Amino acid sequence: MASNEQQPLLGDSRARNRSHASVASNSSNNRHINSDSSASAWWASRSRDVLSLFTILLLLGAGLGIWVYGTLPTSDHDEHPHEYALSTSRIREHLSQFLQIAQKHNNSRSVVNGHQASADYVVSQLQAYGDCDVHLQHFKSPVWTVNQVPKLRVKGPVSINYLHETDFEVLRYGGMGANITDAPAQIVADGGCVAESIGDIQDKVAIVMASSQQCTLFESAFLLEQLGARAVVFVRSPKYKTPSHARVRITDWKEGDPLMTIPVISVTHSVGQLLQSTARGLRVDIETDTSIQVVNTFNVICVGRTGDRDNTIVVGSHLDSVAAGPGINDNGSGSASVLEIQLTLAKIKFAPRNRLVFAWWSAEEDGLLGSRHFARVLAHGWKNQWTHNETMNVEWPEIALNLNFDMLASPNYISLVHNGTDAPARARTGSQQIQRVFENYFARHDYSYQVTDMLGGSDFLPFVQNGVPAGGVLTGASEIKSIEEREEHGGLAHAALDTCYHRDCDTLLNINMEALHKMSRAAMYAISLLASTADLRGYLAGNLSPY
């Protein structure tokens with residue numbers, strides 16, 4: 001943060017000195033009319049030369065400061081210099097490359113569009129300018145696509161064509177598409193969790209009422225498919241006014257796990273009540289045009305060559321976007337920042353006390369599948385067809401913590417810090433300590449910030465679920481900014497933090513450069529500080545200071 005003190009202009013200083021010299025000379029002439037005027041001129045000339053030299057030295061010093069730090073340092077520039085070495089303009093150059101890649105791949109960097117080209121760009125930068133051993137970690141990801149708008153028609157005492165997105169929605173991964181005509185319907189109680197309570201569902205459309213039964217959507221839908229249902233319709237709880245768009249798939253999906261083949265639909269509670277009241281004799285038409293393809297993809301892992309491997313820090317961000325847009329904020333902003341941080345640390349020859357591993361995850365938008373694969377392989381020894389040939393020189397017990405950066409430049413941003421208290425018990429104390437590091441960054445710069453939950457939705461989750469502390473910063477997605485938040489953080493009230501979230505307008509024009517500057521430097525500050533901490537495990541246990 002720039003100092004509020006106003007420094008005098010050098011030109012003003014020189015003018016004042018010249019004025020003082022003139023006044024002094026005039027006074028001397030008045031007192032000593034017969035003194036030697038040439039001597040006075042000589043001294044005045046020497047004074048100007050000294051002032052000019054002093055000015056030049058000041059300008060050289062300022063120029064050197066700009067060259068070293070990328071900008072003039074703030075009040076604590078000597079304490080944490082690494083964050084000032086980071087160039088926001090270089091991060092923007094990476095974002096420009098990502099956008100160009102998306103434009104060549106259906107305006108998307110999803111797993112089946114521009115992800116591989118994005119990964120190739122990251123790898124080329126690391127190999128040319130980075131300081132790490134680059135590995136590709138391969139796995140399979142199911143990709144679900146909607147090709148046409150679905151249709152739902154119910155025929156009974158009253159025939160109704162229901163409205164897509166208003167009355168019903170096809171759940172993600174809800175089957176391979178079908179054209180079902182005049183199928184009988186049957187109400188299913190208890191959430192469809194127990195086979196004995198379902199009855200004969202063969203060739204019928206199962207209408208599953210909201211229930212307190214503890215089984216997942218996938219467990220219920222898959223059971224109904226195994227029992228012969230032609231389609232599944234889940235009725236939402238009355239507290240929701242719109243149909244669900246949840247995934248109906250094993251959360252931690254891996255190669256070989258089953259996927260739904262019959263249509264799976266969500267309807268609102270009011271639609272469900274009508275279906276229930278007219279269930280006897282009800283006939284249903286369902287038309288869906290969807291597809292699921294299982295594709296090969298990979299994480300990019302950059303393993304540092306120096307530092308204590310028993311205190312490894314994994315710095316992660318997801319590289320893929322949704323199919324609907326180029327994902328320049330989500331999550332080009334995070335992955336470009338992490339890339340430039342690695343390149344900057346290599347450029348300044350940063351020597352970490354604790355080893356740094358940088359990761360660019362794939363298939364985050366398909367359910368955190370890249371980071372889940374990383375954790376499954378390292379924490380649980382799971383192997384796929386590529387595992388035996390992929391040696392990364394990283395073991396799970398060596399990982400001390402994870403830092404996650406997902407969306408760092410939302411246009412209507414709030415600076416958000418993940419709440420370490422939300423982490424599971426095994427990872428909670430360490431996550432709270434990571435939170436304090438980020439909070440210290442914002443306090444040092446007198447930046448406003450807000451603590452947000454760390455319950456799910458990004459790639460920290462597989463780490464905390466497996467006992468590794470995690471944390472990070474972000475700037476928000478579809479959340480609506482309140483009036484109070486506007487007063488504290490600026491921007492627009494009653495508007496989303498990112499109005500282009502998961503849309504085709506998530507381009508460079510969607511990037512808030514002020515947010516990118518603050519948040520990328522927050523990331524650099526935390527990474528360089530924790531990588532330099534002498535007793536990292538002691539700090540994460542809450543016993544020591546990181547400084």
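**Disulfides and cores at a glance**

Cys302 counts as buried, because its relative accessibility is 0% (buried means under 20% relative accessible area, exposed over 50%, and partly exposed in between, with a 1.4 Å probe and protein chains only). This is a predicted model, in which local features need pLDDT of at least 70 and side-chain atom pairs count only at pLDDT 80 or more, while totals for chains, interfaces and linings use all residues. Residues are numbered from 1 along each chain as its sequence is written, and side-chain values use heavy atoms, leaving out hydrogens and water.

**Disulfides**

- Three disulfides turn up in a search of the whole structure (a disulfide is a pair of cysteine sulfur atoms within 2.5 Å).
- Cys302 is bonded to Cys132, with the sulfur atoms 2.1 Å apart.
- This pair links distant parts of the chain, 170 residues apart, with Cys132 in strand 1 and Cys302 in strand 8 (helices, H or I with at least four residues, and strands, E with at least two, are DSSP runs numbered from the N terminus).
- Cys132 is buried too, at a relative accessible area of 5%.
- Cys193 and Cys215 form another disulfide, their sulfur atoms 1.9 Å apart, and this link is left-handed, with -75° about the S-S bond.
- Cys193 lies in the loop between strand 4 (178-188) and strand 5 (205-208), and Cys215 in the loop between strand 5 and helix 5 (217-226), so the pair ties together parts 22 residues apart in sequence.
- Cys500 pairs with Cys505, the sulfur atoms being 2.1 Å apart; the S-S torsion is about -115°, so this disulfide is left-handed.

**Nonpolar cores**

- The largest nonpolar core has 59 residues, of which Phe358, Trp360, Leu403 and Phe405 touch the most other members (such a core is a set of buried Ala, Val, Leu, Ile, Met, Phe, Trp, Tyr and Cys residues joined through side-chain atoms within 4.5 Å).
- Helix 12 (residues 513-532) gives this core its largest share, 11 residues.
- Another core lies apart from it, with 32 residues, including Val170 and Ile286.

**Helix 8**

- Helix 8 (residues 369-380) is largely enclosed by the rest of the structure, because 10 of its 12 residues are buried.
- Among the buried residues of helix 8 are Arg372, His373 and Phe374.
- Just after helix 8, Gly381 takes a positive phi of about 70°.
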